[in-house]
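Subject: The structure to look through

Hi,

Here is the structure I said I would pass on. Have a look at it first, and then read my notes below.

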Amino acid sequence: MSAPPFPLPSTLQELAGVAVRDLARDFGTPTYVYDAAGITERVARLRAFDVVRYAQKANSNLAVLDLVRRAGALVDAVSAGEIHRALAAGWAASGEPSPIVYTADLFDREALELVLEHGLAVNCGSPDMIDQYGERVDGGEITLRVNPGFGHGHSRKTNTGGPHSKHGIWHEQLEACVARAAHYDLRVTGLHVHIGSGVDMRHLAQVAEACCELAVRTGPGLQSISAGGGLPTRYREGDPEPDIAAYFAIWDGVRERLKRGLGHPVRLEIEPGRFLVAESGWLVTEVRAVKRTSQHTFVLVDAGFNVLARPVLYGAYHPMALVPADADPRPLRDVVVAGPLCESGDIFTQDEGGLVRTQPLPEARVGDLLVIGGAGAYGAVMASNYNSKPLPAEVLLRAGKAQLVRARQTLEDLVRGEIIP
Ligand code: LLP
């Protein structure tokens, strides 16, 4: 099994044994490229946990879901669309532990109907969810997502705990929600805590303590705890690899304490998104213009925040590598990398708040390719049609071969469903 290159070199020719030029020739640009072996290897790294439940919001391409399922992971769904994808990728609707869990802070009507139709497990993040589900079923069980009162994240926008967060059931209302569930003959059998994404390990460890205390308060019917997602991945040179063994040990300790207290086994789940896919995905773009202002050299590529939104949304850093079109020497330059959209925020090199910064890159010319790394999570799934740009192609690399796993949208696709009355 191969691991994706880290850190990304400043120039490269191949990704997982496939020439980037061939990818651009065969599939066009911009194109998302995923390394199958890298994703499978990440699932395997978490095997100490009883259940690895993939948070498919990070990358829900059916080919990626299929890979993750074959690697032994179960799946989380946050919408009717994600339920549909989970079923289409081959997870069964029911089983022990539940192959698919619907986790959200509300049921939209379509999601509630799908959950009921397939008898899916639900993880409720609001008291109203308990009522809406309880009114429609003849008893059963649910799990609760709890906001432990604190949170953390790589950006304010990815912090999902604390009093400003809309996520989960506020910890002080836990007992009230267990009683509310009992009113409908629903037993609360699990607790789930996810405080944010891109969190450091120290904060993730705090969650385990909080979860233990909440689990005790949930009562004797507790059968599972979920550590949520949030495992960090490496974007910059020097970013540490998360210490999975140490992290597992912390949660295992909590699980053991609960097991002793309850007198029965407690299942330990983890719900990663980014950790499984981020480092195994790249965005391949083409340099289409290079221009200067008094301050900056702008390298303009054919993908913008319509394709990769993380920089404009969070000021997220992504490593970049040039695939030069020739063998000329290319000295490093500090450049601003931007996209094609008619919007000044369409810049890949920006800090949170929209402050433009530069990133060192070998001198880029029109016709070179630019590979943006760390793009396997929250890349394609957050793409849009802004400026009437078709969604990019997605390609899976496996054993040195490239397979199209999502066709690039066509211009016809863009207007499908629109009506001139
Ligand atoms: N579980 C729950 C309940 C979540 O809300 C999330 C992420 C995850 C698991 C997976 O978190 P991960 O392991 O991927 O950190 N678009 C943002 C990230 C938003 C995450 C939302 N929830 C980004 O690009 O950084």
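Let's start with a word you'll meet a lot: a residue is called buried if its relative accessible area is under 20%, exposed if over 50%, and partly exposed in between (1.4 Å probe, protein chains only). Before you go on, note that this is a predicted model, where local features need pLDDT of at least 70 and side-chain atom pairs count only at pLDDT 80 or more, while totals for chains, interfaces and linings use all residues. Residues are numbered from 1 along each chain as its sequence is written, and side-chain values use heavy atoms, with hydrogens and water left out.

Now the definition at work. Leu204, at 2% relative accessibility, counts as buried. You'll find Leu204 in helix H8 (residues 201-218); helices (H or I, at least four residues) and strands (E, at least two) are DSSP runs, numbered from the N terminus. Between Leu204 and Gly230 there are 7.8 Å in space, C-alpha to C-alpha, although the two are 26 residues apart in sequence. Compare that with Glu113 in helix H5 (residues 109-118).

The whole chain

Zooming out, the chain has 12 helices and 20 strands. Its C-alpha trace spans about 70 × 55 × 40 Å along the principal axes. How does the radius of gyration fit a compact globule? For 421 residues such a globule would have a value near 22 Å, and the chain has 22 Å, so the two agree. (The radius is taken over C-alpha atoms, and the globule rule is 2.2 Å times the number of residues to the power 0.38.)

Of the 421 residues, 54% count as buried. If you take contacts (heavy atoms within 4.5 Å) with a separation of 6 or more, 73% of them are between residues 24 or more positions apart. The exposed surface comes to about 18,100 Å², and carbon and sulfur atoms supply 52% of that. Those areas come from the Shrake-Rupley method with a 1.4 Å probe; for residues, only the protein chains shown count as cover.

As for charge, there are 42 positive and 50 negative side chains, and the centres of the two sets lie 3 Å apart. Lys and Arg count as positive and Asp and Glu as negative, with His and the chain ends not counted. Each charge is placed at NZ of Lys, CZ of Arg, CG of Asp or CD of Glu.

Aromatic rings

Rings of Phe, Tyr and Trp (its six-membered ring) pair if their centres lie within 6.5 Å; planes under 30 degrees apart count as stacked, over 60 as edge-to-face and the rest as tilted. By this rule there are 6 aromatic pairs. In one of them, Phe49 and Tyr247, the ring centres are 6.3 Å apart and the planes stand at 45°, so the pair is tilted. Phe49 is in the loop between helix H2 (36-45) and strand S4 (51-55), and Tyr247 is in helix H9 (residues 244-262), so this pair ties together parts 198 residues apart in sequence. Phe49 is buried at 3% relative accessibility, and Tyr247 is buried at 2%.

Another pair, Phe305 and Tyr386, is stacked, with 5.8 Å centre to centre and 15° between the planes. Phe305 belongs to the loop between strand S14 (297-301) and helix H11 (310-314), and Tyr386 to the loop between strand S18 (369-372) and strand S19 (393-398), so the parts joined here are 81 residues apart in sequence. Are these two buried or partly exposed? Phe305 is buried at 15%, whereas Tyr386 is partly exposed at 33%. Ring pairs also link Phe49, Tyr247 and Phe248 into a cluster.

Tyr378 is buried at 16%; Asn387 is partly exposed at 31%.

Finally, look for two cis peptide bonds. One joins Phe6 and Pro7, with omega about -10°, and Pro7 is in the segment before strand S1 (14-15). Another runs from Thr29 to Pro30, with omega near -5°; Pro30 is in the loop between helix H1 (20-27) and strand S3 (31-35).

Cheers
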